[in-house]
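Subject: Structure for you to look at

Hello,

Please find the structure below, with its sequence. My notes on it follow.

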Amino acid sequence: MKILKLLALSIVANASIYAQDQVKTFDVAPEQPNPGEEITITYDPSQTILKNAKEVSARLYTYDNFKWQIKDINLKANADKKWQTKVKLSDHASLVTFIFTSDTLVDKGGLTTYSWMLPKSQGAYIGWGMLRNKVFENDVPNIVDESAFKNDSVAVMWVNYELQYHPESRKKIFYPALKVAQIVRGGDFSPRIKKELRFILTNELDNQDQYNVTRTLNLLEPTANKAFIDSVQQAILKKYPKGVLARDIEIKKMFMEKDFDKKVKEYNEFEKNFPKEKFLDVVTETESLFSDKLFKAIAYNYIVKNKDYDFAINSVKKVSFYNVLDYSWHLISIPFNRNEDGVEKTSLETLKKYADIIIPEMESRELYVPKEFVQKLSPKEWQAQALNYAAREYFTYAKLQEYFKNYDLERRYLDKVKPFYGYKDASYNEVYTRMLLREGKTLDAKELLAISIRENKSTPEMLASLKAIYLKEGGAAAGFEAYVNSFKSDSNIQEHKTKLIAELINKPIEGFELESSKGGKVKLADHKGKIVVLDFWAMWCGPCKNAMPGMQMAVEKYKQDPNVNFYFVDTQEYIKDFKAQTQAFIKEKNFDFTILYDGKNPKTGKFDEVYDKYAKAFQFSGIPEKMIIDQNGKLRWMSNGYFGSPTELADEISIIIEYLKAEKK
């Protein structure tokens, strides 16, 4: 009788999963497969968002031994324009779910999903229940549409089915079962939780089971149940002295330790007692919150206290992907950018030495899904995500290779990050243009330059390169501006103009009187009838300096217009000879700027008098900060930060100036 009930339930369950309206979008053969068997899946996208897709791929999510396994699957189209593939199920598969994709389109199957239960296997019912319940959305992959979620009572139903047909699952599902049952039943659920934990503690527990005990204890109100919670924790620690709970306690203890030498000693002991390879099957909240931060604190303290970079560099292979990423940012990209911006000189040879260790290791991690994502992302998904995180670091590495004339390596990394930066980032476009011209690929360079200009993501260097090509091909110098404008998109220009004009304001602004790098003082009150552009910046500010090529383009455009004045207000400086350093920097870069030196703030003693006054009046913070004041002495436009395109910045300044000039008429 029980077998008949099980068969009936199996048919009902699978029918509810794969039932479709008129067209059967998803099918599995054989209809009742067993774990370990090969199945054929068929996907008919004719009634889905992928109906016009030329290529379709899939991801297979298998619930096996109460854990999710994820694979990327290739599909082939048959004569009926359906997509098929054969897949061998894992040995303990209990539930399989498919997602079908094409480019950025994803078909998850809507209400019914593309799922198939293997009810003879442990986990089939609980897996299906958890998959479609919001309570467990952080414990399962993101593989169902919102419409597929069911209420908590339905999840309890599937828990009960699991326990009815697979009572041996009790040890593995106690935490999710108690969590959702507590929500549904309400009231004081602690007696039931305590009873279940007493039973669970009579079993041998693997790492995930041990962690689930801790998670279950968190379902209890801590004050009222303190004695019970303490007793369970002590029992776990006694039985598993080098288990998951003991490890979490040590991680948090080391994180809180203030004495650096003691922290290092404790960490060395921790690595012996809790070897990393023994905990690859569990990710705890404590580990997620503190483990990476703990290791970074040790590595960076070595650097700060002892100028010792060896600890960080020697640990590259054993730290997490995110710590490798952090090493790259702090030990390579930041100093490289500060050197490139003229903020602080550094040894590029040293940066390359570190980069040659860190970057290849970072790249190798793209091939291995970290344990915290093993049940969330497929290998291809992780590879895409890792590349997205690391693209900035690879770009820095490419620029380092260019400096050392390792051009093959430069090209490899520039091409690697091209999907993220190509045509969208002026700095990247500049470096890529140099590479193409160095390789003699003038036509490719021209195409890149044309697209970059159309997208308004180009630099003065790129315009100079285009001009050289233009003149070499017989173009007349007088016609170059029209030639450049021919690449620009009228719709993009109009859209940009509309957006900027909508940002215009009309507010009174206090005057100032500041010392000028060209002698004497400059008073704002003396500029009535003129448009004044202010750019607040500092020698220590990388983005401020990055914006200056664009500002130079704007200055150059209006240098013959006596009714437009640009002033670059050097503010928030803290070194004694900042004026000399400022002038040296401007001269080195060949910028035609009039520098104004911010006054000493009587309240703080800092050199930020005007900046502080304006920041409070107009509620902004940070630099660079650009302000445009009209002919009537009113503040009309403000912009904070720099977004990476010199030509776009120059166009913004020009659009506002031209609007204000026309407005006066």
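Phe593 is buried, at a relative accessible area of 4%, where buried means under 20%, exposed means over 50% and partly exposed is in between, with a 1.4 Å probe and protein chains only. Phe593 forms a stacked aromatic pair with Phe591, 4.9 Å centre to centre and with 15° between the planes. Phe591 is buried too, with a relative accessible area of 14%. Rings of Phe, Tyr and Trp (its six-membered ring) pair if their centres lie within 6.5 Å; planes under 30 degrees apart are stacked, over 60 edge-to-face, and the rest tilted.

The model is predicted: local features need pLDDT of at least 70, side-chain atom pairs count only at pLDDT 80 or more, and totals for chains, interfaces and linings use all residues. Residues are numbered from 1 along each chain as its sequence is written, and side-chain values use heavy atoms, leaving out hydrogens and water.

Aromatic pairs

By this rule there are 49 aromatic pairs. One of them is tilted: Trp537 and Phe585, 6.3 Å centre to centre with 35° between the planes. Trp537 is in strand 13 (residues 531-537) and Phe585 in helix 23 (residues 578-589), so the pair ties together parts that are 48 residues apart in sequence. Helices (H or I, at least four residues) and strands (E, at least two) are DSSP runs, numbered from the N terminus. Trp537 is buried at 0% relative accessibility, and Phe585 is buried at 5%. Elsewhere, ring pairs link a cluster that includes Phe260, Tyr267, Phe270 and Phe274.

Nonpolar cores

A nonpolar core is a set of buried Ala, Val, Leu, Ile, Met, Phe, Trp, Tyr and Cys residues joined through side-chain atoms within 4.5 Å. The largest one has 61 residues, and Tyr327, Leu331, Ile358, Met362, Tyr394 and Leu414 touch the most other members. Helix 14 (residues 379-403) gives the largest share of this core, 10 residues. Another core, of 55 residues, lies apart from it; Trp537, Val564, Phe566 and Leu635 are among its members. In soluble globular proteins, nonpolar side chains tend to be buried together.

An open sheet of 4 strands has the order 1-2-6-5 with antiparallel pairing, where two strands pair if DSSP finds at least two bridges between them. Strands 1 and 5 are at the edges with a single partner strand each, so one side of each has no neighbour in the sheet. Tyr43 is in strand 2 and is buried at 0% relative accessibility. Its side chain makes a polar contact with the side chain of Asp107 (2.7 Å). A polar contact is a pair of N or O atoms within 3.5 Å; within protein, one must be able to donate a hydrogen and the other to accept it, and residues adjacent in sequence count only if both atoms are side-chain atoms.

Backbone

Which residues are joined by a cis peptide bond with omega of about 0°? They are Ala29 and Pro30, and Pro30 lies in the loop between strand 1 (26-29) and strand 2 (38-43). Ile623 and Pro624 are also joined by a cis peptide bond, with omega about 5°. Lys81 has a positive phi, near 60°, although it is not glycine. Lys81 is exposed, with a relative accessible area of 69%. Most residues other than glycine have a negative phi, and most peptide bonds are trans.

Regards
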